[in-house]
Amino acid sequence: QVQLVESGGGLVQAGGSLSLSCVASRSTFNINGMGWYRQAPGKQRELVATITRGGSTNYADSVKGRFTISRDNTKNTVYLQMNSLKPEDTAVYYCNAGVRVGFPGSYWGQGTQVTVSS
């Protein structure tokens, strides 16, 4: 069992930046996949970015070049640096961790709200 706690959300103007953090309740050295999803009002939850234990990353096309995912296993933490934010980035952002990000059996955080004003 892994508890995930996100932080760093908030309100920012378009073009601004935010940095999200997700701390796991146990060591992440042996957790293969970690990632971020988001869900906007009235929309399905969508994958934002993932990072493997080996450091391989994957991004949704909508955030490529603007968002950067990273992880620090010494701190049991995965990060999401979000730059050049757009109003369409407004959503609740969820952290996920498991053998395969987002798959059954993976773990979810409670979410953190990100609001980008135009």
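**Entry 1: strands and helices**

I began with the secondary structure: the chain has 11 strands and 0 helices. I note that this is a predicted model. Following the sequence, I read the order as β-β-β-β-β-β-β-β-β-β-β.

**Entry 2: overall dimensions**

Next I checked the radius of gyration. It is 13 Å for the chain. A compact globule of 118 residues would have a value near 13 Å, so the two agree. I also looked up the extent of the C-alpha trace. Along the principal axes it spans about 40 × 25 × 25 Å.

I then asked how much of the chain is buried. Buried residues are 44% of the 118. The accessible surface comes to about 6,000 Å². Carbon and sulfur atoms hold 48% of that surface.

I found 11 positive and 6 negative side chains in the chain. The centres of the two sets are 6 Å apart.

**Entry 3: the core**

Which residues of the largest nonpolar core touch the most other members? I found W36, L80, M82 and Y93, out of 29 residues in that core. At least two residues each come from β3 (18-24), β4 (33-39), β5 (46-52), β7 (67-72), β8 (77-82), β9 (91-98) and β11 (112-117). In soluble globular proteins, nonpolar side chains tend to be buried together.

**Entry 4: positive phi**

I looked for positive phi values in residues other than glycine. N76 has phi near 55°. I place N76 in the loop between β7 and β8. Is N76 buried or exposed? Its relative accessibility is 19%, so N76 counts as buried. The cut-off matters here: buried means under 20%.

S84 is another such residue, with phi near 50°. I find S84 in the loop between β8 and β9. S84 has 41% relative accessibility, so I log S84 as partly exposed.

**Entry 5: R66**

I turned to R66 because its relative accessible area is 10%, which makes R66 buried. R66 sits in the loop between β6 (57-59) and β7. What does R66 touch, leaving out residues up to four places away in sequence? I listed Q81, M82, N83, S84, L85, K86 and D89. Two names there came up earlier in my notes. M82 is among the core residues that touch the most other members, and S84 has the positive phi near 50°.

I looked up Y59 in strand β6. Y59 has a relative accessible area of 18%, so I count Y59 as buried. Beyond residues up to four places away in sequence, Y59 touches V48, A49, K64, F67, T68 and I69. I also took the spacing from Y59 to L11. These two are 48 residues apart along the chain, and their C-alpha atoms are separated by 23 Å.

D61 is in the loop between β6 and β7. Is D61 buried or exposed? D61 is exposed, because its relative accessible area is 66%. From D61 to V114 I read 19 Å, C-alpha to C-alpha. In sequence D61 and V114 are 53 residues apart.

**Entry 6: for the record**

I put the loop between β6 and β7 down for a second look. Both R66 and D61 lie in that loop. R66 is buried, whereas D61 is exposed.

Notes
Residues are numbered from 1 along each chain as its sequence is written. This is a predicted model: local features need pLDDT of at least 70, side-chain atom pairs count only at pLDDT 80 or more; totals for chains, interfaces and linings use all residues. Side-chain values use heavy atoms; hydrogens and water are left out. A nonpolar core is a set of buried Ala, Val, Leu, Ile, Met, Phe, Trp, Tyr and Cys residues joined through side-chain atoms within 4.5 Å. Buried means under 20% relative accessible area, exposed over 50%, partly exposed in between (1.4 Å probe, protein chains only). Helices (H or I, at least four residues) and strands (E, at least two) are DSSP runs, numbered from the N terminus. The radius of gyration is taken over C-alpha atoms; the globule rule is 2.2 Å times the number of residues to the power 0.38. Accessible areas come from the Shrake-Rupley method with a 1.4 Å probe; for residues, only the protein chains shown count as cover. Lys and Arg count as positive and Asp and Glu as negative; His and the chain ends are not counted. The place of a charge is taken as NZ of Lys, CZ of Arg, CG of Asp or CD of Glu. Contact means heavy atoms within 4.5 Å.
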